[in-house]
Amino acid sequence: MNGYYVEVKNLVKIFKDPATRSVVRAVDGVSFGVEKGKLVTLLGPSGCGKTTTLRLIGGFEIPTSGDILIDGSVVNDLPPNRRPTAMVFQSYALFPHLNVFENVAYGLKARRVPKDILRRKVMQILEIVGLVGLEKRYPSQLSGGQQQRVALARALVVEPKVLLLDEPLSNLDAKLREQMRVELRKIQMSLGITSIYVTHDQLEAMTLSDYVIVMKDGKIVQKDTPEMLYRFPTNVFVASFIGKASFVEGKIYERKHNEAIVELKDGQKVTVDVREDSNVQLNDSVLLVLRPEGGRFVSPQEGLLKGKVVTRVYTGSTFYFEIKTEHGTVSVEIHGHEERKVPQLGETVNVSFERSSMSVVKRE
C-alpha cells in the first residue's frame, strides 16, 4: 500500500459527439493519489476535465479505461449510492419541498437509520455547520450561504469516506465566498475527512488545499503544495494561471543544484532559485517569472529593469503598476503604506525583484 486513500490510475474518459461524430478525450490518462484526511483540489480552466474526473470518482460517469480505488478497493463498477463517497454539487441540489432537517436527513432515511439515531446525527451535523435553529426552514427561506451549508451537512451526515465537492462556492458573492472557504476548511480538518475539491478559482485552491492538481486539456500539468506551486511553477501555463506574473525572456547561463543564472537579452545576469529536479538546463531559452508583489522601485544602480509607468491603480491597500520596459511590460504591486512616495503615471522608474518572487520556466 502506498499510503493513498483514494487512488486514480490512468483514468481516461472519451465522449463522442453524436452530431459531429467527433471524439473528445475529456480525461486523458490522469493518475494521482490522495492521502487519508487530506484535501486535494483539482484546478484548471473550464473544459480542462476536472469536473469529469470528480464525477468519475463519484460514479456519475463510467471511465473509458483506468481504475479508481478507495481504501484499496476498486470501485469502477459501483453506482454512486454504493460508493463510500458523498458529493456536494455546484447547484446544491436541495429538495425545495423538504425543510432543512428533512434535506439533511434524506440520505440517512434512505439507509433506514432508526429515528432516534437519525435525529441525533442530523442535529450533530447541523451544529457543526452552524445551522441549529433553522431546521424547519425551507431552501427558499435561506440565504445562499445557508443553502450551501445544508448541502454540505447532507453530504457529511452519511459519514462518507470521501467528500467530493464540485465548485460548491461559485454561486456565492465574493465576501461570503471568502468566509465559507475558511469555514469549509475548518470543518474538513476537524472531521479529518478525505476530500477532493474542484474549482477554477486559483485563490480558492490555494486557500483550501493540502495539494493542488493543475489540469489542462484533460491532463495533469503539475501537482504540488500551494506554496511550491506558486514558488516553482513547472511551465508557463501554471505560472500564469496561479497568481499574477510577468515574463522576461532569457537563457540559462549557469545551472547548479538549487539555483540557475539567467542571462537577459541586454546581458544582465540574474540568479534565481530552482528545484533540483527542474527541467531547465544550460543554454535553454527560458522565461524569467516575476511576481508583482516582489517588485520594488529602486535607484538606477540597484535596478534590474528600467521603464515607464503606463498603468497606476490604487485599491486602498495596494498600488498596482504596469511598467513598460525594453523587455516587455512588467507588473509591480506594493502595499500602500510601504512607500511614502509612489511613482506617477508616465514617470521613468527602475525596478528590482526579490529573489523569492522570481522563478524560471522553459520557453514553449
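Contact here means heavy atoms within 4.5 Å. With that in place, take Gln 222, which touches Val 212, Ile 213, Val 214, Leu 229, Phe 232, Pro 233, Thr 234 and Val 238, not counting residues up to four places away in sequence.

Before going on, the provenance. This is a predicted model, in which local features need pLDDT of at least 70 and side-chain atom pairs count only at pLDDT 80 or more, while totals for chains, interfaces and linings use all residues. Residues are numbered from 1 along each chain as its sequence is written, and side-chain values use heavy atoms, with hydrogens and water left out.

Back to Gln 222. The residue is found in strand 10, residues 219-224. Helices (H or I, at least four residues) and strands (E, at least two) are DSSP runs, numbered from the N terminus. Is Gln 222 buried or exposed? Gln 222 is buried, at a relative accessible area of 5%; buried means under 20% relative accessible area, exposed over 50%, and partly exposed in between, with a 1.4 Å probe and protein chains only.

The side chain of Gln 222 has two polar contacts to show you. A polar contact is a pair of N or O atoms within 3.5 Å; within protein, one must be able to donate a hydrogen and the other to accept it, and residues adjacent in sequence count only if both atoms are side-chain atoms. The side chain reaches the backbone oxygen of Phe 232 at 3.2 Å, and one of its polar atoms lies 2.9 Å from the backbone nitrogen of Thr 234. Val 238, also on the contact list, is 16 residues from Gln 222 in sequence, with 7.6 Å between the C-alpha atoms.

Now the whole chain. There are eight helices and 20 strands. The C-alpha atoms fill a box of roughly 75 × 45 × 45 Å along the principal axes. Of the 364 residues, 49% are buried. Among contacts with a separation of 6 or more, 65% are between residues 24 or more positions apart.

Next, the cores. In soluble globular proteins, nonpolar side chains tend to be buried together. A nonpolar core is a set of buried Ala, Val, Leu, Ile, Met, Phe, Trp, Tyr and Cys residues joined through side-chain atoms within 4.5 Å. The largest one in this model has 36 residues, and Val 104, Val 122, Leu 152 and Leu 163 have the most contacts inside it. At least two residues each come from strand 6 (85-88), helix 2 (100-110), helix 3 (115-128), helix 4 (144-156), strand 7 (162-166) and helix 5 (174-191). Which helix gives the most to this core? That is helix 4, with six residues. Apart from this core lies another, of 28 residues, including Val 262, Val 280, Val 330 and Val 351.

Beyond four places in sequence, Val 122 touches Phe 101, Val 104, Ala 105, Leu 108 and Val 157. Helix 2 and helix 3 pack at about 125 degrees, with axes 10 Å apart. Helix 2 is therefore oblique to helix 3. For the class limits, under 35 degrees is roughly parallel, over 145 roughly antiparallel, 65 to 115 roughly perpendicular, and the rest oblique. Axes are lines fitted to C-alpha atoms, for helices over the stretch in contact, and angles run from 0 to 180 degrees between N-to-C directions. On the helix 2 side, the residues are Val 100, Phe 101, Val 104, Ala 105, Leu 108 and Lys 109; they meet Leu 118, Arg 119, Lys 121, Val 122, Met 123, Ile 125 and Leu 126 in helix 3.

Gly 250 is in strand 11, residues 246-255, and counts as buried at 13% relative accessibility. Leaving aside neighbours within four places, Gly 250 is in contact with Val 262, Glu 263, Leu 264, Asp 284, Ser 285 and Val 286. Val 262 is 12 residues along the chain from Gly 250, and their C-alpha atoms are separated by 6.1 Å.

Last, backbone angles. Most residues other than glycine have a negative phi. Glu 167 has a positive phi of about 45 degrees, in the loop between strand 7 and helix 5, and is buried at 9%. Asn 283 has a positive phi near 70 degrees, in the loop between strand 13 (269-273) and strand 14 (285-290), and is exposed at 53%.
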